[in-house]
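Visitor: I am new to this structure. Please take me through one part of it in close detail.

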Amino acid sequence: PIYGWLLFLSSWAGRAAVAWAFGPFVALWVAAASAGTGASNFFEERMKELVGGWLDDAIVWPRNVGSTSFVEPAVVNLLRTPHLWIGIVFAAVCIAGAVYVRKHREPR
């Protein structure tokens, strides 16, 4: 989803694509932090879940702390999570949007 989002923004924004990519998230974080209601912690937790929330579903961690067993991939658990499928759909929509915008853009 992140690559699709960046691809779409690079096709849409003529310049400063990085600012358009990360600017809304930074603005939301600043607004939440300035509110002083604990909303910034909520926003930070949602960003952590968005970026790396799939990791707990993708790996089976050893149950014993002193265990020497390796971590095992849990592909079936990962395929069952809605995060994966929502991310795939979002990435496909962003890539399709990038193709459409690049195809129908007026020449500069």
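Guide: Start with helix H2, residues 17-35. At 1.5 Å a residue, its 19 residues should span 27 Å, and its end C-alpha atoms lie 28 Å apart, which agrees. The expected span is 1.5 Å times one less than the number of residues. Helices here are DSSP runs of H or I with at least four residues, strands are E runs of at least two, and both are numbered from the N terminus.

This is a predicted model: local features need pLDDT of at least 70, side-chain atom pairs need 80 or more, and totals for chains, interfaces and linings use all residues. Residues count from 1 along each chain as its sequence is written, and side-chain values use heavy atoms, without hydrogens or water.

H2 has a kink of about 40° at Gly23, shortly before the proline Pro24. The bend is the angle between axes fitted to the seven residues ending at a residue and the seven starting there.

Now the rings. The structure holds two aromatic pairs. In one of them, Trp12 and Trp20 have ring centres 4.9 Å apart and planes at 85°, so the pair is edge-to-face. Rings of Phe, Tyr and Trp (its six-membered ring) pair with centres within 6.5 Å; planes under 30 degrees apart are stacked, over 60 edge-to-face, the rest tilted.

Trp12 is partly exposed, at 45% relative accessible area. Trp20 is partly exposed too, at 43%. Buried means under 20%, exposed over 50%, and partly exposed in between, with a 1.4 Å probe and protein chains only.

Around this part, the protein has six helices and two strands. Their pattern along the sequence is α-α-α-α-β-β-α-α. Of its 108 residues, 15% count as buried.
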